[in-house]
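The structure is shown first, and the discussion follows.

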Amino acid sequence: MSSLFEKAPNPLRRVLIANRGEIACRIMRTCQRLGLETIAVYSDVDAAALHVQMADEKIRIGNAPATQSYLNIDAIIEAIEVSGADAVHPGYGFLSENAAFAERCEEKGILFIGPSSGAIRAMGSKIEAKRIAEAAGVPTVPGYHGDDQSEARLRAEAERIGYPVLIKASAGGGGRGIRLVRNPADLTRELKLARAEALSAFGNDALLIEKYIELPRHLEVQIMGDTHGNLVHLFERDCSVQRNNQKILEEAPAPNLPEAVRGKLFDTALMLGREIGYRSAGTVEFIMAADDDQPYFLEMNTRLQVEHPVTEMITGIDLVDWQLRVAAGLPLPLTQGEIRAQGHAIEARLAAERPADDFQPSIGTFVKVETPPELRFDTGVATGSDVTPYYDSMLAKFIAHGRDRAAALNALSRGVSESALLGVETNQAFLLDCLGAADFQEGRATTAFLKQNFPDGWKAGKMHLTELRALAAALWLSDPSPARSGLWHRRDGFRVMGARRPATCLIDLLDSAGEVTVFAEIGHGAARFRIGDESIELGDILTATEKTFRNAPVRWIREGNVLHVTWNGQSLRATLGYSVDAPPKSFEELRKPNDLSAPMPGLITEILVRVGDTVTEGDPILQMEAMKLVHSLRAGRSGRVASIHCKEGDTVPLGKPLIEIEVPMES
């Protein structure tokens with residue numbers, strides 16, 4: 001045990017982390033470095049999770065749903081008492097901003113590694129936080145945050161504020177329960193969806209309404225206070241690149257920010273922190289129109305932020321270390337004047353989702369997780385980790401630091417590109433496109449970044465997908481398995497044309513983008529693969545020991561007829577078979593495009609059509625809740641609703657048929 005914490009006013013020896021995944025692992029690393037014992041809690045589906053493997057002790061707290069485990073205050077308190085933990089670190093999300101949980105800890109003499117329950121309660125409600133900020137003279141976005149939550153009052157306030165408006169969950173965080181409404185006719189529906197999402201994520205459906213500021217920057221200031229009256233800031237971050245109000249890229253310091261604005265941010269954040277006597281780590285968030293120099297207070301997060309590593313990288317300060325010191329009753333190690341910022345840091349959030357399919361969450365098992373050693377990779381998954389539908393889709397964070405922004409950006413882009421993440425579809429290629437976009441390269445991104453840079457949604461480059469498919473076919477042919485003895489020993493599916501002509505074969509390939517036929521020509525030291533109108537020359541990749549393509553490494557893992565391959569930042573999971581063989585069952589299933597099936601396990605929250613309705617391709621026809629979000633499922637074809645195989649309130653498994661659309665016969 002560290003003598004520093006052993007002799008502290010509030011001695012620390014054992015810390016229970018009331019969280020999971022990436023942040024639980026992150027907290028454990030600092031605790032273990034400081035000589036503190038760590039205790040993990042886990043749900044049934046997390047029994048073999050990485051954070052459980054890392055801990056000194058582990059305690060089961062319930063079933064898979066978060067309400068029965070990570071959000072179960074009684075179960076967490078019992079685990080703390082049974083384990084003999086001195087303190088609990090809530091991480092972010094789950095109970096991290098739950099004032100009732102912090103209060104229970106205070107009542108039982110358990111050190112809560114975070115602010116007081118009073119500060120959490122004051123700032124945890126967006127409504128109350130705005131009232132406090134206004135009373136302290138902090139500029140806030142025009143809006144309504146009253147107690148009257150009736151639809152009539154909210155509609156009247158929206159008219160007063162003027163459209164477009166944002167509906168926000170009062171108890172919200174992480175982008176949950178936020179809806180943009182541009183048209184008064186959409187207000188009723190969006191209120192209903194925001195309430196449902198807020199109730200599901202936070203157990204509180206209170207809402208507020210704000211004026212929507214077009215093309216804003218999202219800026220925030222990291223603050224840290226102790227119990228000795230010290231309060232400091234650790235500079236600002238820019239978190240403008242977002243999807244559905246969830247951050248994707250974050251950086252410190254904010255690029256292209258006038259020093260006068262930077263000073264306003266620091267002064268306002270510290271003023272608010274002093275107003276509530278803040279201790280521990282907290283973040284004061286602001287919004288500012290891109291063509292203005294007046295930042296408006298948005299909210300305060302009374303916890304460690306997901307993006308805290310970029311602040312750590314530019315200051316050299318371990319924020320979890322400081323949180324532990326404050327909880328132990330020790331003063332902050334540095335004064336404001338001693339805190340320096342050096343260089344630039346950028347973070348990209350890795351998520352289990354399919355960006356090309358409207359960011360639908362993905363699940364599965366990682367067969368390979370490997371990142372370059374020079375890249376900071378804060379992760380909750382490793383090779384062999386399962387990704388389930390029960391929790392947030394964010395898995396890990398890539399972080400790079402450089403002497404300036406250009407160096408940090410280059411290092412991050414290179415590191416993301418060279419990372420191998422196989423077995424579960426992720427947003428890796430999407431992140432690379434975001435990093436490479438001119439708006440981000442030049443430091444002028446706003447929260448409209450995605451809409452401006454991917455107006456029709458993000459899609460993988462057609463040629464890149466073709467290249468990956470060709471690589472998958474080549475690797476499948478060249479990599480022997482117990483089921484096959486390899487290309488050179490098995491002739492099924494091949495036409496051998498003679499000594500002077502290449503051997504050829506047709507391969508059926510199925511991936512998440514669809515089914516294609518690959519025409520392969522092998523011979524004379526060359527391998528050529530044609531898919532549709534595109535032809536890819538792979539040279540001697542079939543026989544090379546170290547597989548590379550266009551000077552970039554190719555990495556893969558084969559499981560029978562399934563091949564996982566990654567190259568140049570994009571991954572693919574493909575099922576392959578000779579065209580002369582019987583096609584895999586999944587090929588046949590793919591040929592049913594008129595059926596809408598569950599893309600993930602989840603809860604059916606609303607069915608938007610009835611049998612007999614006519615729908616157009618792309619129309620929303622069903623709402624489904626999974627991974628803490630409400631997803632709109634859309635018609636894949638135009639036609640008539642022939643049958644509905646679910647009802648509102650059903651919990652459905654992956655792949656369950658939900659709605660069948662009858663497509664009219666072509667004349």
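Is Lys130 buried or exposed? In this predicted model, Lys130 has a relative accessibility of 2% and therefore counts as buried, the cut-off being under 20%. Its partner is Glu210: the two side chains form a salt bridge with an N to O distance of 2.7 Å. Lys130 belongs to helix H7 (residues 126–135) and Glu210 to strand E9 (residues 207–211), so this pair ties together parts that are 80 residues apart in sequence. Glu210 is likewise assigned as buried, because its relative accessibility is 3%.

**Further pairs**

Side chains of opposite charge can pair when their charged atoms come close. The structure holds 52 salt bridges. One of them joins Glu81 and Lys108, with 3.3 Å from N to O. Glu81 is located in helix H4 (residues 73–83), whereas Lys108 sits in the loop between helix H5 (99–107) and strand E5 (111–112); the pair therefore ties together parts that are 27 residues apart in sequence. Glu81, at 47% relative accessibility, counts as partly exposed, and Lys108 is placed in the partly exposed class at 42%.

Another salt bridge is formed by Arg640 and Glu662, at 3.1 Å from N to O. This pair links distant parts of the chain, with Arg640 in strand E38 (residues 639–644) and Glu662 in strand E40 (residues 657–662), 22 residues apart. Arg640 is partly exposed, its relative accessible area being 34%. Glu662 counts as partly exposed at 43% relative accessibility.

| Salt bridge | N to O distance |
|---|---|
| Lys130 and Glu210 | 2.7 Å |
| Glu81 and Lys108 | 3.3 Å |
| Arg640 and Glu662 | 3.1 Å |

**A network**

Salt bridges also link residues into a network, whose members are Arg26, Arg29, Arg33, Glu312, Asp318, Asp321, Arg325, Arg376 and Asp378.

**Confidence of the model**

For the protein, the mean pLDDT is 89, and 92% of the residues reach 70 or more. Over residues 494–499, pLDDT stays under 50; for this stretch the model has 13 contacts beyond four places in sequence. Residues 582–592 also have a pLDDT below 50, and this stretch has 13 contacts in the model beyond near neighbours in sequence.

How values were computed
Residues are numbered from 1 along each chain as its sequence is written. Side-chain values use heavy atoms; hydrogens and water are left out. A salt bridge is a side-chain nitrogen of Lys or Arg within 4 Å of a carboxyl oxygen of Asp or Glu. Helices (H or I, at least four residues) and strands (E, at least two) are DSSP runs, numbered from the N terminus. Buried means under 20% relative accessible area, exposed over 50%, partly exposed in between (1.4 Å probe, protein chains only). pLDDT is the predictor's confidence in each residue, from 0 to 100. Contact means heavy atoms within 4.5 Å.
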